[in-house]
Structure formats: C-alpha cells, structure tokens
Amino acid sequence: INQDGGVARSSAGVTSTHSLNSGYWQYRVSFPRDVSSCGYSATTSDPNVIGANEYTQPTFVSASRSNAGGNVIAVNVWIPGSPPSSIEDSFFLGLYC
C-alpha cells in the first residue's frame, strides 16, 4: 500500500483508503471477501532504492481487524518514541487464509 493509501500491488479486488482518525493516520485495506478468520502480517516498505550514504527511518506497523467489516484490515504506521508518532508511510500487508 502506498503512502497516500493507493494500492501498489495486490490480488484482484483489493482496495485501500487512509484518513486522519483522532489524530492518527489509519489505513483501511478492504478485500473482496470476509477475511476475519485469516492471519495477517504487515511490514514497512520503501519503493526507493537505498543508497550507500542513506538510511531507513525506523518505523513499525500495527495491523488488526477493523470494525468497518469482516473484509477490512486496519493498519497504522508508527515512528518509535514516547509516545510513538503515527505517520503516513507505505507498507506491505500479507493475508494468510
């Protein structure tokens, strides 16, 4: 999923949106069928190649079933801190059914 909420690569029928929700950026990834009994895994991604003098920003991703429906996974991307900060960033989401 791209930083702006667009779908970069997916199986057919997957859509995504993102919005600011109570001060936190939240992505909602929708699937064409119920995924409430599937497992899922999310990780950060970067579409750009990292050069010799560049670094990746430390981030982590949280994912959970959404109250928007059994076909939706909610995802947040965070920068570590106290408290952590919610950011807009691209990520990979894998579903295991």
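In which strand is asparagine 76 found? Asparagine 76 belongs to strand β5, which covers residues 72-79. The legends below describe close-up views of a predicted model.

**View 1. Confidence across the predicted chain.** The model is a prediction, and the mean pLDDT of the chain is 89. A pLDDT of 70 or more is reached by 93% of the residues. Among the elements of the chain, β2 has the highest mean pLDDT, at 95. The lowest mean, 90, belongs to strand β6, residues 85-87.

View 2. Asparagine 76 counts as buried because its relative accessibility is 12%, and the cut-off for buried is under 20%. Setting aside neighbours within four places in sequence, asparagine 76 is in contact with Tyr24, Trp25, Gln26, Phe60, Val61 and Ser62. A polar atom of the asparagine 76 side chain lies 2.7 Å from the backbone oxygen of tryptophan 25. Histidine 18 is 58 residues from asparagine 76 in sequence, and the C-alpha atoms of these two residues are 9.5 Å apart in space.

**View 3. Serine 62 in strand β4.** Strand β4 spans residues 60-65 and includes serine 62. Serine 62 has 29% relative accessibility and therefore counts as partly exposed. With tryptophan 78, serine 62 makes a polar contact from side chain to side chain at 3.0 Å. Serine 41 is 21 residues away from serine 62 in sequence, with a C-alpha to C-alpha distance of 8.8 Å.

**View 4. The aromatic pair of tyrosine 27 and phenylalanine 91.** The structure holds 2 aromatic pairs. Tyrosine 27 and phenylalanine 91 are both buried.

**View 5. The largest nonpolar core.** This core has 13 residues. Those with the most contacts inside the core are Tyr27, Val29, Phe31, Val75, Val77 and Phe91. The elements giving two or more residues to the core are β2 and β5. Strand β5 gives the most, with 3 residues. Phenylalanine 31 touches Gly13, Val14, Asn71, Ile73, Leu93 and Leu95, when residues up to four places away in sequence are left out.

**View 6. Pairing of strand β2 with β1 and β5.** Strand β1 (residues 15-21) and β2 run antiparallel and are joined by 7 bridges. Across this pairing, histidine 18 stands opposite tyrosine 27 of β2. Strands β2 and β5 also run antiparallel, with 4 bridges between them. Serine 30 has valine 72, in β5, as its bridge partner.

**View 7. The hairpin turn at serine 22.** Strands β1 and β2 form a hairpin, with 2 residues between them. Serine 22 is placed in the loop between these strands. Although serine 22 is not a glycine, its phi is positive, at about 55°. Most residues other than glycine have a negative phi. Is serine 22 buried or exposed? Serine 22 counts as exposed because its relative accessibility is 69%, and the cut-off for exposed is over 50%.

View 8. Serine 82 and proline 83 are joined by a cis peptide bond, with omega at about 0°. Most peptide bonds are trans. Proline 83 lies in the loop that runs between β5 and β6.

Key. Residues are numbered from 1 along each chain as its sequence is written. This is a predicted model: local features need pLDDT of at least 70, side-chain atom pairs count only at pLDDT 80 or more; totals for chains, interfaces and linings use all residues. Side-chain values use heavy atoms; hydrogens and water are left out. Rings of Phe, Tyr and Trp (its six-membered ring) pair if their centres lie within 6.5 Å; planes under 30 degrees apart count as stacked, over 60 as edge-to-face and the rest as tilted. Buried means under 20% relative accessible area, exposed over 50%, partly exposed in between (1.4 Å probe, protein chains only). Contact means heavy atoms within 4.5 Å. A polar contact is a pair of N or O atoms within 3.5 Å; within protein, one must be able to donate a hydrogen and the other to accept it, and residues adjacent in sequence count only if both atoms are side-chain atoms. A nonpolar core is a set of buried Ala, Val, Leu, Ile, Met, Phe, Trp, Tyr and Cys residues joined through side-chain atoms within 4.5 Å. Two strands pair if DSSP finds at least two bridges between them. pLDDT is the predictor's confidence in each residue, from 0 to 100.
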